[in-house]
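Student: Hi! Could you walk me through this structure in plain words?
Tutor: Happy to, let's look at it together.

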Amino acid sequence: MDVTFLAGMFQSLLKGLPLTLNLWLLSLAGGGCLALLLNLMRQSRVGNAVAGAYVFVFRGTPLLIQIFMIYYGLAGFGVIRHSILWPFLREPYWCGLLALVLNDAAYTSEILRGGLRAVPRGTVEAGRVSGMGRIAILRRITLPLAIRQALPAYSNEIISMLKATALVSTITLMDITGIARAAISETWRAVEILLCAAVIYLALSIIVTRLCGWLERRLSPWHFGRTTP
Amino acid sequence: MGEIGLLGFGPDGWGLVLAKAGLMTLAVSVAAFLCGLVLGTLVAWARIGGNAVLRALAEAYTVTLRGVPDILVIYLFYFGGRQVVAAVGTALGFAGPFDISGFAAGMLAIGLISAAGQSEVLRGAYQAVPKGTIEAGRVCGMGRFTLFRRVIAPQAMVTALPGMGNQWQSVIKESALVSVTGLVETMRQVSVAAGTTQEHFLFYAAGAGIYLVITTLSDQLFRLAERRSLRGHPGTGTGA
């Protein structure tokens, strides 16, 4: 093993870390908002059908095909090329982010739906009796209970999204995987380079697992045999 | 409507080629899933019944494969496999260039990834088997293998089915990543078709359609299996 090569490789791979983190956090934020919207839509019959179809399509197809569809496919429509969105959709960064957001929203909305279903009816009724409006009930009763319920499943989704960001390297973006890919075609020392990249991703995912575990224990201490947070 | 004709089975149509690519996706997914099943069973076994060293190894394996992007694992097998084959080949005195099959690299890589998930499902299913039934089997004088075949497996299979269905769905979607090795499966074939005809959206949409058909049909199959496996269980109903 060539230590200087590995150290140098680590340094150049870490230059892709900001982009990976950026895509990861923004796609989670965007996907989370869209997931909430999809769940609110489910209250009407038409909205329910639309949300169901959305989830079906985005969960039933590979993310890679969604990325390519947005990056290569949308450019084929004159309407989009002449719209104000074109300066964004021309850039691989925005296409990648859009695909990640849309994909994450489908998975997160299902996780959130499970959490919402677990909210006891009585708590919502109690809120209504106390004179809370719909927004106040959502903000102070339904969402806190649902999020707590959904946290274990959501922590898996957070890690899946970290892994999913690696796919944007296929549309020329230089995240950690993109830099690794370029370095492989320069040096042909694939195994060393890929192991370096894997170590960075692994460290990130272990940190997230720990943080989520800590948050879970804090939010529902009674599950872990403690009464005060 | 000339564009839709591109998806047909006529002389200019890509229909036949895409159908073949769909079958290749199915083939590589099934191979990878079985690979993952064998390895996943071993990993689950190590985590349940192994000694401390085996348990730690199995746990490290699961954590690693679940924390590293799938595409890196596939690159590792493809490029790394080529490196190894080239090194061995040169050492044995063969003349290059060396290459390895994208199918084998993809199958092994996705199998390894899936094994991590499958081992968790299997472990959970084993833990849900009532301990009394295992003890009862032991008391009746069953050996380890008989106990597994007649008591543990039938009960664990029922619990494991929904989780295994999810793992299979992931495998199908991960199989699209094998396209980076050049294996001509759905993803690769629609990229080629899109590049040739310049009808990018049409062909990627067709590709998405192929994946949807595969995932939906296999989901139905898993549900059917689930219903069958619940036959005769009290309280679950037969038609539900």
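Tutor: One term before we start: helices (H or I, at least four residues) and strands (E, at least two) are DSSP runs, numbered from the N terminus. This is a predicted model, where local features need pLDDT of at least 70, side-chain atom pairs count only at pLDDT 80 or more, and totals for chains, interfaces and linings use all residues. Residues are numbered from 1 along each chain as its sequence is written, while chains are lettered from A and ligands numbered from 1 in the order in which they are written.

Student: Which residues of helix 4 of chain B are buried?
Tutor: Among them are B:Asp70, B:Leu72, B:Ile74, B:Phe77 and B:Gly81. A residue is buried if 20 or more other C-beta atoms lie within 10 Å of its own, exposed if 12 or fewer, and partly exposed in between, with C-beta atoms placed from the backbone.

Student: What covers them?
Tutor: The cover includes helix 9 (134–165), helix 10 (176–187) and helix 11 (190–219) of chain A, together with helix 5 (102–127) and helix 7 (144–174) of chain B.

Student: Can we zoom in on B:Ile74? What does B:Ile74 touch?
Tutor: Leaving out residues up to four places away in sequence, B:Ile74 touches B:Ala105, B:Gly106, B:Ala109, B:Leu177, B:Val178, B:Val180 and B:Thr181. Two residues are in contact if their C-beta atoms, placed from the backbone, lie within 7 Å.

Student: Which residues touch the most other members of the largest nonpolar core?
Tutor: In that core of 108 residues, they are A:Ala197, B:Leu72 and B:Ile74. A nonpolar core is a set of buried Ala, Val, Leu, Ile, Met, Phe, Trp, Tyr and Cys residues joined through C-beta atoms within 7 Å.

Student: New topic! How many residues does each chain give to the contact?
Tutor: Chain B gives 29 residues and chain A gives 27. On the chain B side, the largest share, ten residues, comes from helix 9 of chain B. That side divides into 17 nonpolar, nine polar and three charged residues. Here Ala, Val, Leu, Ile, Met, Phe, Trp, Tyr, Cys and Pro count as nonpolar, Asp, Glu, Lys and Arg as charged, and the others, Gly among them, as polar.

Student: How many helices and strands does chain A have?
Tutor: Chain A has eleven helices and zero strands. Of its 229 residues, 34% are buried.

Student: Is A:Asn39 buried or exposed?
Tutor: A:Asn39 is buried, because 20 other C-beta atoms lie within 10 Å. A:Asn39 sits in helix 2 (residues 17–41) of chain A and touches A:Ser109, A:Leu112, A:Arg113 and A:Leu116, not counting residues up to four places away in sequence.

Student: Last one: what is the mean pLDDT of chain B?
Tutor: The mean is 87, and 93% of the residues of chain B reach 70 or more; pLDDT is the predictor's confidence in each residue, from 0 to 100. Chain A averages 90, with 97% of the residues scoring at least 70. The model as a whole scores ipTM 0.85 and pTM 0.87.
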